[in-house]
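Hi,

Here is the structure I promised to pass on.

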Amino acid sequence: MSERKEILVSDDDIKKQKEIINQMAVLNRDRYPKFHIETYGCQMNVHDSEKLAGMLTEMGYTHTDNLEDADVILFNTCCVREHAEIRIFGRVSQLKELKQRKPNIILGICGCMMQEKEVVEAIKNDYPYIDIVFGTHNLFKFPELLQESLNSDTTIIDIWDDNKSIVEDIPIRRAEGLKAWVNIIYGCNNFCTYCIVPYVRGREKSREPHDILNEIKSLANEGFKEITLLGQNVNSYGNDLPIKIDFADLLYMINDIDGIERIRFMTSHPKDISDKLIFAMRDLDKLCEHLHLPVQSGSNKILERMNRKYSRERYLEIINKLRDNIPGIAITTDIIVGFPGETDKDFQDTLDLVKEVRYDSAYTFIYSKRKGTPAEKMSNQVDEDIKHKRLEELINLQNIISIEKNNEMKGKVVEVLVEGTSKRDSEKLTGRTRTNKIVHFKAKPELIGKFVNVKIIDTKAWTMQGELISE
Ligand code: SAH
Ligand code: SF4
Ligand code: F3S
């Protein structure tokens, strides 16, 4: 077993991966081995799994949904809340029996959870049947680790503390041919006191604009219509680059790329929303009218304890400015209930803010203690019962608002990018509006991949039903 603490990637390291990919492709030529990846957590992880799938595909593996058929199984993990970790450990335990039955199978675990020392210790001690363990900073090295593991009986462990380099040109196997994720910035410098992400994803690193633009141009050439720019905080884009460029500048450049029709991005930190960005959203035709703007709490005291660096008043000011400049914009958010020190009054402030903003939808979370974060040691941790009651009250309130807001859409005609057939009703197609709402409607499958106009006839909290107006 080896644990390394590299933080810089050399050209030789990268070249080595390419060589191994080629060697493996030759080795696998007549064998048709299969891989299966299970992904937990946010879009960052979903996109990392697309890179793992890309490397495996180039090495001659094909994808399977069925664990039983797989020669390589990867779990790409998330540790943002304790619940996620418990679930993942549960799943990993289930693999033991599979490994006993099929000892040649390669089991790998990677992603954010592996950046926690105690987790790696637990895997070493309690899950010895795992073959490969690696983290978020050395994903590019997966081909080398896989090759090593195929030639070894022990667990290969390779975790880096950080990575100051960005490795470009990792092959990507994207889930579908219409919408694509594109990283623009990695890591996070914000250290919200509840959050583990900066510890497991490292400091902010922006990709060079030409790398981003080239990737999006190739996506456009391949027929992709929509891209979502990814980062823990896309609004810090460019702060660490030697050239003067910010997120809004990047959006102007991307908007000029022919073939791409819709641009989205996530996530935005309210402290960094500039007027320049709001005006870009107003002026750029391809930027969709949707902003995910996590508020976390409506109480100034809690926002301060969370180290969010904005007040409730400033947040509301941004919301008003967005609505004044971008008619019809959908606004969604993340909210945590039960942060240490949250009183009934603080929670009421959150409910009042939700009523005032009237979000289109909200992801709501119960505060979860994360080891090593400042909030873990804070006094006045909130009782579990109270946390659950608050969550329920918040969800009920937001559901009513979501239903009311969607109801206002009835009778309106919206542009929908058709993504596929509906899972529930095979006669229906499904797609999304520019405001990121899901619409189901009856039409022929030839329209998949096209933009159509749909009239909204019925709505629920999360989805809407419509009828096709024009192709
Ligand atoms: N970078 C993004 C999202 C990070 S994680 C952002 O800043 O918005 C996604 C969401 O998980 C956060 O917005 C927060 O609401 C929630 N979250 C993060 N840490 C948490 C914790 N310890 N307990 C509960 N929810 C948490
Ligand atoms: Fe976590 Fe805050 Fe960074 Fe988002 S901005 S990843 S919530 S530390
Ligand atoms: Fe989870 Fe890592 Fe994302 S901790 S939320 S997968 S950055």
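The side chains of threonine 433 and threonine 435 are joined by a polar contact of 2.7 Å (a polar contact being a pair of N or O atoms within 3.5 Å; within protein, one must be able to donate a hydrogen and the other to accept it, and residues adjacent in sequence count only if both atoms are side-chain atoms). Threonine 433 sits in strand β16, residues 428-433 (helices, H or I with at least four residues, and strands, E with at least two, are DSSP runs numbered from the N terminus). With a relative accessibility of 2%, threonine 433 counts as buried (buried is under 20% relative accessible area, exposed is over 50%, and partly exposed is in between, using a 1.4 Å probe and protein chains only).

Before going further, the ground rules: this is a predicted model, where local features need pLDDT of at least 70 and side-chain atom pairs count only at pLDDT 80 or more, while totals for chains, interfaces and linings use all residues. Residues are numbered from 1 along each chain as its sequence is written, chains are lettered from A and ligands numbered from 1 in the order in which they are written, and side-chain values use heavy atoms, with hydrogens and water left out.

On the overall layout, the protein splits into domain 1 (5-163), domain 2 (179-407) and domain 3 (413-470), with bounds from an automatic or database domain assignment. The centres of domain 1 and domain 3, taken over C-alpha atoms, are 37 Å apart. UniProt, in an unreviewed entry, puts "domain: MTTase N-terminal" at residues 33-151 (UniProt positions are in the numbering used here, feature names are shortened, and annotations may be inferred rather than shown by experiment). That span, residues 33-151, is 46% helix and 19% strand, and its end C-alpha atoms lie 16 Å apart.

Now the ligands. Ligand 1 has 14 residues around it, the closest being Arg81, Gln232, Gln296, Asp334 and Ser368 (a residue is near a molecule or strand if one of its heavy atoms lies within 4 Å of it). A polar side-chain atom of arginine 81 is 3.0 Å from an oxygen atom of ligand 1. For glutamine 232, a polar side-chain atom lies 2.7 Å from a nitrogen atom of ligand 1, and a polar backbone atom of serine 368 is 2.8 Å from a nitrogen atom of ligand 1. On its own, ligand 1 exposes 540 Å², and the protein buries 90% of that (accessible areas come from the Shrake-Rupley method with a 1.4 Å probe; for residues, only the protein chains shown count as cover). Strands β13 (330-337) and β14 (361-366) each supply at least two residues of the ligand 1 shell. By class, that shell has seven nonpolar, four polar and three charged residues (Ala, Val, Leu, Ile, Met, Phe, Trp, Tyr, Cys and Pro count as nonpolar, Asp, Glu, Lys and Arg as charged, and the others, Gly among them, as polar).

Ligand 2 has Cys188, Cys192 and Cys195 among the residues surrounding it, and UniProt (unreviewed entry) lists Cys188, Cys192 and Cys195 under "binding site". Gln232, His269 and Arg308 also belong to the surroundings of ligand 2. Its shell comes to seven nonpolar, three polar and one charged residues. Cysteine 188 is in the loop between β8 (185-186) and α6 (197-201), and counts as buried at 9% relative accessibility.

Which loops hold cysteine 42 and cysteine 112? Cysteine 42 is between β1 (34-39) and α2 (43-58), and cysteine 112 between β4 (106-111) and α4 (117-126). Cysteine 42 is partly exposed at 35% relative accessibility, whereas cysteine 112 is buried at 9%.

Cheers
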